[in-house]
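Subject: Structure for your review

Dear colleague,

Please find below the structure that I am handing over to you, together with its sequence. I would be grateful if you could read the notes after it with the structure open.

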Amino acid sequence: MEVSTPKNGTLQTQRFIPYAAEAIYAAFSDPARLAKWWGPKDFTNTFQTFEFKDGGAWNHLMHGPDGKEYPNKSVFRELVAGKKIVIEHICAPRFTLSVLLHPLENGTEILWIQEFEDPEVAAAVRHICESGNEQNLDRLQMLLRDER
């Protein structure tokens, strides 16, 4: 696990997961599965729109463990099966998330790059996003483990 924050408003997490890139990509592409692991620990999701294709909309409501709800509107900008998922978050805070999957012998190296439009916003949410992104990857790994 490696986390870094360059000065340009980009948050980045890297992690090895002992599952094939195709399995990870499939966990993104299926809304029922994605809803189970997307977001930080103890969050749940309700998807209103999920069009997993280039240019497709993804609108969902994240439900926090404290009862707060967080509306999200995104567009899938680029999808390359087993290799890349690029999601543009088009409501505040505005950012582009690129998930790059690099197959290795016993699993996949995931590079999770969150590029914020405004570096000041990135700095302000860094403490939330860094731990939230790690928890998101933890949940993905648990889903894949439990499905074995």
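Predicted model: local features only at pLDDT ≥ 70, side-chain atom pairs only at ≥ 80, totals over all residues.

Helix packing

Two packed helices are described by the angle between their axes and the distance between the axes. Here, helix 1, which spans residues 21–29, packs against helix 3, residues 119–147, at an angle of about 105°. The two axes lie 11 Å apart. Because angles of 65 to 115 degrees count as roughly perpendicular, helix 1 is roughly perpendicular to helix 3. On the side of helix 1, the contact is formed by Ala 23, Ile 24 and Ala 27; helix 3 contributes Leu 140, Leu 143 and Leu 144. By class, this contact comprises six nonpolar residues, with no polar and no charged ones.

The largest pocket

Rolling a probe the size of a water molecule over the atoms shows where empty space is left. The largest pocket holds about 670 Å³ of space. Its lining consists of 28 residues, and those nearest the centre are Pro 40, Met 62, Asn 72, Gln 114 and Cys 129. Two or more lining residues come from each of strand 4 (57–63), strand 5 (69–80), strand 6 (84–89), strand 7 (95–104), strand 8 (107–116) and helix 3. Helix 3 gives the most, with eight residues. In terms of class, the lining has 17 nonpolar and eleven polar residues, and no charged residues.

Individual residues

Ser 74 belongs to strand 5. Its relative accessibility is 3%, so Ser 74 counts as buried, the cut-off being under 20%. Leaving aside neighbours within four places in sequence, Ser 74 is in contact with Gly 56, Ala 57, Trp 58, Asn 59, Ile 87, Glu 88, His 89 and Ile 90.

Pro 103 is located in strand 7. This residue counts as exposed because its relative accessibility is 56%, where exposed means over 50%. Not counting residues up to four places away in sequence, Pro 103 touches Ala 21 and Thr 108. Pro 103 and Ala 20 are 83 residues apart along the chain, and their C-alpha atoms are separated by 6.7 Å.

His 127 is found in helix 3. With a relative accessibility of 58%, His 127 likewise counts as exposed. His 127 and Phe 52 are 75 residues apart in sequence, and the C-alpha to C-alpha distance between them is 29 Å.

With kind regards

Key: Residues numbered from 1 in each chain as written. Heavy atoms only, no water. Axes fitted to C-alpha atoms, helices over the stretch in contact; angles between N-to-C directions. Helix = DSSP H or I, 4+ residues; strand = E, 2+ residues; numbered from the N terminus. Parallel < 35°, antiparallel > 145°, perpendicular 65-115°, else oblique. Contact = heavy atoms within 4.5 Å. Nonpolar A, V, L, I, M, F, W, Y, C, P; charged D, E, K, R; others polar. 1 Å grid on protein atoms, 1.4 Å probe; cavity = no way out; pocket = protein on both sides within 12 Å on 5 of 7 lines; lining within 4 Å. Points joined across faces, edges and corners; volume = space filled by probe spheres on them. Buried < 20%, exposed > 50% of the residue type's maximum accessible area, 1.4 Å probe, protein only.
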